[in-house]
Number of protein chains: 2
Amino acid sequence: MASDSRLTQKPLLETLRGKKQPRPPIWFMRQAGRYLPEYRATRARADDFLSLCYTPKLAKEVTLQPVTRFDLDAAILFSDILVIADALGQSSRFEDGLGPVLEPLEPYDITRLDGQNIKIRLAPVFQTVSDVRASLSAEKTLIGFCGGPWTVATYMVGGKSSNDQAKARLFALRHPESFARLIDILVEASIDYLTAQFEAGADCVQVFESWALNLDEGMFFDEVIEPNRRIVDGVRDRVGSAVLIGFPRGAGANLSSFAERTGYDAIGLDQMVPLEKVDSLVGKSLPVQGNLDPIRLVAGGPQLDRRIEEIISAFEQRPHVFNLGHGIVPETPIAHVEQMIAGVRGH
Amino acid sequence: MASDSRLTQKPLLETLRGKKQPRPPIWFMRQAGRYLPEYRATRARADDFLSLCYTPKLAKEVTLQPVTRFDLDAAILFSDILVIADALGQSSRFEDGLGPVLEPLEPYDITRLDGQNIKIRLAPVFQTVSDVRASLSAEKTLIGFCGGPWTVATYMVGGKSSNDQAKARLFALRHPESFARLIDILVEASIDYLTAQFEAGADCVQVFESWALNLDEGMFFDEVIEPNRRIVDGVRDRVGSAVLIGFPRGAGANLSSFAERTGYDAIGLDQMVPLEKVDSLVGKSLPVQGNLDPIRLVAGGPQLDRRIEEIISAFEQRPHVFNLGHGIVPETPIAHVEQMIAGVRGH
């Protein structure tokens, strides 16, 4: 069980720790998701999306489904980045085709957010982590996660997913003190949340800064780099051996500052990061994860095989976890996922 | 008139040609737009958005409004990137709050697009260019424009603005020959369209590749760099002295390949390009334009003044046209535009 699991070598975790493996381990973002019929079947048994996240029996089931089907090297906790907002007292509902919808925060709402109860309010999530770890083979890595503070804040302030995060950017500029307080609350809550995931049995965690785009370098530093650095430091203070992956989607030319200043053990690369620029953007030795365009996985065919080869070849000299550049999309054919996995393993 | 205008020194055009001016000239994207009451008044006199673009009297009026009000260094033709699609036979309607909506192209539709009539179908646009040039002071630069082929294709194939351009990316991967044909048609149409704008009196042109994001470097090369390079070459073949600005919004770390390979005279920078990385991304001498976050212009106050200073100081050693990183948004207070212009001129 947990103690055995910790003594067994996990190729994916070892890669994130900087030890290159004979072949790149593989998992992929949203691997437990709507493209899988078994996911859709379990999802249909929950009242709504958040109930699925908060019911350990069901959340464990969907977490394990892709590992069982594809023999992936890692399971990632099934949950949502907005459970943090929910635990702070701002609930969200999930609408089909629209994603999460929240009542947007006003500056005066921020003092009412309550970060004291993360461990209690999110107890079902930690139960899921521990149940999954108990059922997962010892050589598989269990990945916990949270959303990056900026990304979570864009939903809390904007009320929904947005093309340009304009509401959050404007809030941050118009009400800098309130926004800084919100980011502080999210940083502290994220440290508590990730620490508790490690305590429940997570082997490593990923911070999804999925909307790290549209910011100029000043705002990128204040709202993305600094809060992420504080999370890395805060989690390491409490969990000495913690392994953390940072994923700043859309960071573009700001990626080098992110990699240099946040202190993550590994960096997740979106598909916009050109392979030949990775050495100059994140240094030559830092473990990386990524970065297949999920749309290439939808399209399949020879272009998919070629691109997989390009990615693996580009990272032959550094620790590399194979992954997508963003979450798998619902219309992805399972046969293409199988093609991808065969391509990675056959390299 | 036109001939006098061509003999008079235009600070903005000279900057784009590589001659640094004592202070940065200024214009900004969507300067003729909904934030201006005089624009809204003229817009109300047109049946719909495309009628406004196709009525030279009204289009000229809105083109000149921001130059008259703010004494900017350039007018930019009032039109839309989708007039090209319209001229090719795919019409669009503009819905309030949603932007343009088109009947999405299927692969078999592409052979029906007709690129032979650009000059005839878009004659009102060229009339506008020539009427504006005749009314504009000789020291003001008149900027023509078109959309980048990839950006226009995302609308033609996707049917509307999209968060991730997934429909166009998938189309390009699933139907590479049809998509390449579409890009060829757009490249040729854009060359005709821009050449005719120069002939009508435009001093320079900008190619808006506004959705140059979400692409991996292979697709970025095929769908953005190569088509833009062909437009630059094609226009230069026909208009020897042509000055062209490329604006690949969201190119991120792909910006260096874009600047190096397309051959543009100047590069427009979105706000995500960190100022300290510009030398390494676009070289030390190429004229640049940008890159104030339009949301900073909405927020106003001391942060706006500080950021303007940062931008101007960063480009003190190279030709620089002050601009936004993306179009001005409708809720921008006019007082903040005045503050920006005073900040740039007072530097």
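Across the interface of chain A and chain B, 14 residue pairs are found in polar contact, both residues of each pair having pLDDT of 80 or more. On the side of chain A that touches chain B, at least two residues each come from helix H10 (166-174), helix H12 (217-238), helix H13 (255-262), helix H15 (294-299) and helix H16 (302-314) of chain A. The most is given by H10(A), with five residues. Sorted by class, this side of chain A has 15 nonpolar, 10 polar and 10 charged residues. The model is a predicted one, and the values reported here are computed from it.

The contact as a whole takes 35 residues from chain A and 35 residues from chain B. The size of an interface is often given as the accessible area lost when the parts come together. For chain A and chain B, the buried area is about 3,000 Å², and carbon and sulfur atoms give 50% of this area. Eight salt bridges are found across the interface of the two chains. A salt bridge is formed by Arg296(B) with Asp216(A), where the closest N and O atoms are 2.6 Å apart.

Within chain B, strand S4 (residues 141-147) is largely enclosed by the rest of the structure, because seven of its seven residues are buried. In a regular strand the side chains alternate between the two faces of the sheet. In S4(B), Thr141(B), Ile143(B), Phe145(B) and Gly147(B) point one way, whereas Leu142(B), Gly144(B) and Cys146(B) point the other way. Residues of both sets are buried.

S4(B) pairs with two strands of chain B, S1 and S5. Strand S1 (residues 74-76) runs parallel to S4(B) and is joined to it by three bridges. Ala75(B) has Leu142(B) as its bridge partner in S4(B). With strand S5 (residues 204-209), the pairing of S4(B) is also in the parallel sense and extends over five bridges. Here Gly147(B) stands opposite Phe208(B) of S5(B).

Helix H9 of chain B spans residues 149-158 and is mostly covered, with 10 of its 10 residues buried. The buried residues of H9(B) are Pro149(B), Trp150(B), Thr151(B), Val152(B), Ala153(B), Thr154(B), Tyr155(B), Met156(B), Val157(B) and Gly158(B).

Terms used. Residues numbered from 1 in each chain as written. Chains lettered and ligands numbered in written order. Predicted model: local features only at pLDDT ≥ 70, side-chain atom pairs only at ≥ 80, totals over all residues. Heavy atoms only, no water. Buried < 20%, exposed > 50% of the residue type's maximum accessible area, 1.4 Å probe, protein only. Helix = DSSP H or I, 4+ residues; strand = E, 2+ residues; numbered from the N terminus. Contact = heavy atoms within 4.5 Å. Buried area = accessible area lost by both parts, 1.4 Å probe. Salt bridge = Lys/Arg side-chain N within 4 Å of Asp/Glu carboxyl O. Polar contact = N/O pair within 3.5 Å; in protein donor to acceptor, adjacent residues only side chain to side chain. Nonpolar A, V, L, I, M, F, W, Y, C, P; charged D, E, K, R; others polar. Pairing = 2+ DSSP bridges.
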